[in-house]
Amino acid sequence: MIDIEKIRADFPILKREVNGKPLIYFDNAATSQTPQVVINAIVDYYSRYNANIHRGVHTLSQEATDAYEVARKKVQQHFSAKNDYEIILTAGTTHAINIVATGFTSFLAKDDEIIVSAMEHHSNIVPWQMLCERTGATLKVIPMTEQGVLKTDVYENLLSSKTKLVFVNHVSNALGTVNPIEFIIEKAHAVGAAVLIDGAQATPHIKPDVQALDVDFYVASAHKLCGPTGVGLLYGKEDWLNKLPPYQGGGDMIDQVSFEKTTYAGLPFKFEAGTPNICGGIAFGVALDYLNEIGYENIGAYENELLIYATERLKEIDGLRIYGEADEKTAVISFNVGNIHPYDIGTIVDKLGVAVRTGHHCAQPIMDFYKIPGTVRASFAFYNTKEEIDVFVDAVKRAVMMLS
Amino acid sequence: MTIKEIQEEIVSEFEMFDDWMQRYEYMIELGKDLPLVDAQYKTDDNIIKGCQSKVWVHADLEGDKLNFTADSDAIITKGIIAILIRAFSGQHPKDIIEADMGFIDQIGLKEHLSPTRANGLVSMIKQLKLYAVAYQTQLK
């Protein structure tokens, strides 16, 4: 069960007003809000033990190092990774994807193939296109249905001994579809391909077990998990991380350096060149504690209730079409009303205090698929309420009245 | 009328409304009277970058004055571009280049002036002024 009054009190930003109206924040798929405990952790770090890590012998450096490594352990436990050194703390999902995409340059030959899904974020398309340009490999795309569900039969046909890597998001940011990643991973492994799953949109709603999934790489961002921006993770199986070459050179990632030869540090430091986002990493750990205290089962059940309620209420509006109608989806509703431009609706509902995302959601191929310029996207978190959804639906109705 | 006088006229029209909703409704009305760009200029090349909605603008020189036509697939954007064009059409390129755009603030659209705002009002103003710069060179 969710104690909504108590939870809302944890988020100071929910008390503010926008355009003279109480803020209703429905852009959680873009970034989540930050609870006071996480804000406190950030303040505490800079007030008490701000220091560079993994180097100094002094007390502050040791305290900061310990806190940072405790955070890594928390991430490890959260994702059920076997070893803490299989967790690389990155600047975020995009950074994590680029570590893998760049590293795979040395593994790919001209006739090799990479498979991605049709519902990827731009950050999940461009690095692979660049990888294909570097290596001569080919990019194959798993198509989707009108409902926004991947065509798994086509996926099976795309797989072959040429497939070296499969890349799919766990949940689509534009549609909310939960993809069948267990199936995707199993089939990819059967042909000897590695699998990278982007969990940026899934992890606020689902707690993945990377060992049970048997996934090779899993990536996510802290700022969608009630943590700060500029920090995220790359989980990789130990074997893969050992094989993968380092992404950036710099301090902290080396063992021995001379002008003749440098040997690299072991995991995870091989991929953590330079001073990391120390405070961000520590705050990420606190954010995971916060979410786990509420419990993912409670979060998932409550958000699903919001999703069902919002879907029903929005369907009251004439001409409203929802994009992404998979049976299994997270609390995301992408929609348009008639021919009204999503930007127009977004502008009016913002005036009424509701924050939603409008546009192509960095997923232009999906918009091209539906032949639309974009959508209005409302995405809910466990601190949202049905009352807020009522205000939002009224705001959309008012916008539609003004705009048609 | 000079650009400044037209701007003042627009400001006084918007002053009649006391809430944002009426201002937006008026802007939507203004968008309906927008002199529409000829279909041949509605190409991808003529889309103004930096806008979430599509905005096309075209300029024609008549004598030494510029006339603008435009269109957008979003209604509010259409209203915004209509306001800009009303201030600039029939004016000399030099005056357009030098025009101060502070009146946008006065009609309560200040929030749209941020350079990172997705509607790209700043990009629209820039594009209109670029046309003026181009034709100014031609006039010389």
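Which domains does the domain assignment of chain A give? The assignment, automatic or taken from a database, gives domain 1 (4-30 + 295-403) and domain 2 (39-292). The model is predicted, with pLDDT of at least 70 required for local features and 80 or more for side-chain atom pairs to count, whereas totals for chains, interfaces and linings use all residues. Residues are numbered from 1 along each chain as its sequence is written, while chains are lettered from A and ligands numbered from 1 in the order in which they are written.

**View 1. The two domains of chain A and their contact.** Taken over C-alpha atoms, the centres of domain 1 and domain 2 of chain A are separated by 28 Å. Their contact, in which paired residues have C-beta atoms, placed from the backbone, within 7 Å, takes 25 residues from domain 1 of chain A and 24 residues from domain 2 of chain A.

**View 2. The side of domain 1 of chain A that touches domain 2 of chain A.** Two or more residues each come from helix H11 (296-314), strand E14 (332-337) and helix H13 (364-370) of chain A, where helices (H or I, at least four residues) and strands (E, at least two) are DSSP runs numbered from the N terminus. H11(A) gives the most, with 4 residues.

**View 3. The contact of chain B with chain A.** This contact takes 13 residues from chain B and 10 residues from chain A. On the side of chain B that touches chain A, helix H2 (20-32) and helix H3 (75-88) of chain B each supply at least two residues, and H2(B) gives the most, with 4 residues.
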